[in-house]
Amino acid sequence: LASSSLASPMRLALLLASISGSATASDATSWRSSFDKRYDAVVLGSGPKESLLASLLASNGKSVLQLEPRRAPGGVAASLDLGQLYERMGAPGEKPEPKLKLGTPEEYSADVAPKVLMAGGKELEMLVSSGLWQQMDFRRVHRSFLYRTKPDGSSDVHRVLVTAEDVLKTRSLPPLEKPKVVLLLAWLDKWDESVPGTYVAGRLSKKRLPLGKMSAASFFRYWDVAPETAQLLSAGLGEAPGAPTRPLRKRTALDLVRAMKRYRGSFKTFQYMTSPYVYPVKGSGSAFARGAAKVLAQHGGASLVGRPVDGLMYRPDGTACGVTSEGVSVEAGCVIAAPEHAPEAVETSYSVVRMYALLSHAPNKCKDARSCRLLIPAAQAGRKHDIHLVCSGGAHRVAPADRWLAVVSTRVEGDTAGLSALQVAKRELAAAIPLLRPTRKIFAEVSPVYAPRADAASSGVCVLGSCDETSTFDSLVADVEAAYETVTGEPLQPQ
């Protein structure tokens, strides 16, 4: 990805990333030597959250040992080839049928919970400062779409409205609404949160907008846009990623405008962006773990995959101070764990259903998209929670060149008793299914989402939660940021 308009520190970091050499990951055969020193932190698990946190700690001067008991980098979040997809989610003994012409197993690399990265703001800054950016190969996501239900009840998919040209060409807005939205976008171009004069808006009657005090609903009323237009702009351009689409009256105008500004600004981070998102080649599940191994090695730490953990070591005050593996102990200032490695410290918050569809075409109504992220707002699907879709193929090497892999997810809202995962998926993701037809093969999985218990601190371990149902990095980054402050006692300051 070539940079076009980055702030100089970020640009320098990205340029250095592109030319820096790669460190060698720790050799599991010499694991005993890795246990000979004391570390500032031991991280149990190698999913994206654990790997990002471990890399941030290492890049900020901490010595870190990362242990993954499973044999695949990424652990429970590891990217899956086609054979592993069948083994994990197919019927017992089921294997790919030649007549489906799916390609070879090795041509697939399916993320269990794919998340695209917005190419601007805190997420990108955190990835660069962690050192992971230079260890991973991110490529542009071709399109970003928004789903809506038309007045006649039929469904429609259109590109998120970002520019005046998008607004003038779209079929999603009535003709009389388009000039109003163009004026709003022109004001947004000039708005700078740190410059009071840019809060003034209006063509004839000028007014300084109190963005911090007014609601998003009041903001849209000022621009005289219809409620349907306001919902489209809020869910698309002004989406608050990582959370269900919120009523406009409960969202501040400042939060909305910041999100809209960030979304539009992400198109300018790299050249030739046609959406605000990037996604790692072969998915993020294993790539984060492999990248973290290199970052830790560069800073005197280590990452060991396939290393069993017998148990934790504790201080007299009850805080964890190390782990043991095959009878050998390693000491640390603190222990950080993925939820599967601290079951006594987590509880189930809700369940997520994900559908994995193997296609020979881009999702319907998504036109020429080689890869895309699509949001189905809850209100448009008659639900309480949004539906998220991420789709790619050869562009990110998650499927063969002439195939697409679409992953659709949402929170489970109904009873699942007596239902298979596929039955749950067909009910909860009903709005998305017509976009996928015809399909070559469909898998589904229902997974609990774990969060630290209110008394988790008494376990003496810093516990991270599971990845949620959303398809962006925002909630993941927020959890990692909070954990970093818990562990170090200082807020994270991206370099």
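A residue is called buried when its relative accessible area is under 20%, exposed when that area is over 50%, and partly exposed in between. The model under discussion is predicted. Side chains of opposite charge can pair when their charged atoms come close. Across the whole structure, a search finds 24 salt bridges.

One of them joins Lys 49 to Asp 479, with the closest N and O atoms 2.5 Å apart. This pair links distant parts of the chain: Lys 49 belongs to helix α3 (residues 48-59) and Asp 479 to helix α15 (residues 474-488), the two residues being 430 residues apart. Asp 479 counts as partly exposed because its relative accessibility is 34%.

Asp 156 takes part in two salt bridges that can be described together. With Arg 148, the closest N and O atoms are 3.4 Å apart. Both of these residues are buried, Arg 148 with a relative accessible area of 11% and Asp 156 with 5%. With Arg 171, the closest N and O atoms of the Asp 156 bridge are 2.8 Å apart. Here too the pair links distant parts of the chain, since Asp 156 lies in strand β6 (residues 155-159) and Arg 171 in the loop between α6 (164-169) and α7 (178-190), 15 residues apart. Arg 171, at 47% relative accessibility, counts as partly exposed.

Elsewhere, salt bridges with shared partners join Arg 383, Glu 413, Arg 427 and Glu 428 into one network.

Key: Residues numbered from 1 in each chain as written. Predicted model: local features only at pLDDT ≥ 70, side-chain atom pairs only at ≥ 80, totals over all residues. Heavy atoms only, no water. Salt bridge = Lys/Arg side-chain N within 4 Å of Asp/Glu carboxyl O. Helix = DSSP H or I, 4+ residues; strand = E, 2+ residues; numbered from the N terminus. Buried < 20%, exposed > 50% of the residue type's maximum accessible area, 1.4 Å probe, protein only.
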